[in-house]
Amino acid sequence: MSVQLPEEARTMLEKALSSEGLRSTRQREQVFAVLLQKRDHPTADEVYARVRDKLESISLATVYNCLETLVQCGLVRAVNYEREPTRFCPNLSEHAHFQDRKTGRVYDVDLPDELMEQLRDILPDGYEADSIELYFHGQNMSESNRTNPSSNNQKKAK
Ligand SMILES: [Zn+2]
């Protein structure tokens, strides 16, 4: 059974694809629907597993292609934490990403407009940023206070 893509999202998808000279396909729709359904920054493999539940015939290569297309037409952001597979995020408002070191989960962090303006202002004269990517790493301190700190020995050396 396939996921129903909401009408609004379908229109958005068709518009974004056609601006790149592309057409909407069942595969692209399903990949987009899966990303919108559970916004937990899945990797391509995770997206593949979810889409395969709905569209058995789809291949991993097709899922990769669909994700690439969605990123290319600006509907989805690629989230890259070093040494980890790319994750995908359909949140189009300006936001940063926070990764919990312990669980590996990635969360959206809203960025106030004033902060973004300040960030753009610190560039050298004559430069303008097309995009700003902010990545946070850390942990939930309220949680780590309750657990044994010695069990958390996977600190990344930088
Ligand atoms: Zn995100």
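Student: Where does His41 lie in this structure?

Tutor: In this predicted model, His41 lies in the loop between helix 2 and helix 3, and its phi is positive, about 55 degrees, although His41 is not a glycine.

Student: What makes His41 count as buried or exposed?

Tutor: The count is made of other C-beta atoms within 10 Å, and a residue is called buried when there are 20 or more of them. His41 has 23 such atoms, so His41 is buried.

Student: Which label, buried or exposed, does Arg83 receive, and how do you know?

Tutor: Arg83, placed in the loop between strand 1 (77-79) and strand 2, also has a positive phi, near 60 degrees, in a residue other than glycine. The cut-off for exposed is 12 or fewer C-beta neighbours, and Arg83 has 6 inside 10 Å, which means that Arg83 counts as exposed.

Student: How do you know what helix 2 should span, and what do its end C-alpha atoms show?

Tutor: The expected span is 1.5 Å times one less than the number of residues. For the twelve residues of helix 2 (residues 26-37) this comes to 16 Å, and because the end C-alpha atoms are 16 Å apart, the two values agree.

Student: Which residues of helix 2 are buried, and what do they pack against?

Tutor: The buried residues of helix 2 are Arg28, Glu29, Gln30, Val31, Phe32, Ala33, Val34 and Leu35. Their packing partners are helix 1 (7-19), helix 3 (44-54), helix 4 (60-72) and strand 2 (87-89).

Student: Which two values describe a pair of packed helices?

Tutor: Two packed helices are described by the angle between their axes and by the distance between those axes. For helix 3 and helix 4, the angle is about 115 degrees and the axes are 9 Å apart.

Student: Why is helix 3 called roughly perpendicular to helix 4?

Tutor: Angles of 65 to 115 degrees count as roughly perpendicular, and the angle of about 115 degrees therefore makes helix 3 roughly perpendicular to helix 4. The crossing of these two helices is right-handed.

Student: Which residues make this contact, and what are their classes?

Tutor: Helix 3 contributes Ala44, Val47, Tyr48 and Val51, while helix 4 contributes Leu60, Val63, Tyr64 and Leu67. By class, the contact has eight nonpolar residues, with no polar and no charged ones.

Student: How many helices and strands does the protein chain have, and in what order do they run?

Tutor: The protein chain has six helices and five strands, and from the N terminus on the order is α-α-α-α-β-β-β-β-α-β-α.

Conventions:
Residues are numbered from 1 along each chain as its sequence is written. This is a predicted model: local features need pLDDT of at least 70, side-chain atom pairs count only at pLDDT 80 or more; totals for chains, interfaces and linings use all residues. Helices (H or I, at least four residues) and strands (E, at least two) are DSSP runs, numbered from the N terminus. Two residues are in contact if their C-beta atoms, placed from the backbone, lie within 7 Å. Axes are lines fitted to C-alpha atoms, for helices over the stretch in contact, and angles run from 0 to 180 degrees between N-to-C directions. Angles under 35 degrees count as roughly parallel, over 145 as roughly antiparallel, 65 to 115 as roughly perpendicular and the rest as oblique. A crossing is left-handed if the near helix is turned anticlockwise from the far one by less than a right angle, and right-handed if clockwise. Ala, Val, Leu, Ile, Met, Phe, Trp, Tyr, Cys and Pro count as nonpolar, Asp, Glu, Lys and Arg as charged, and the others, Gly among them, as polar.
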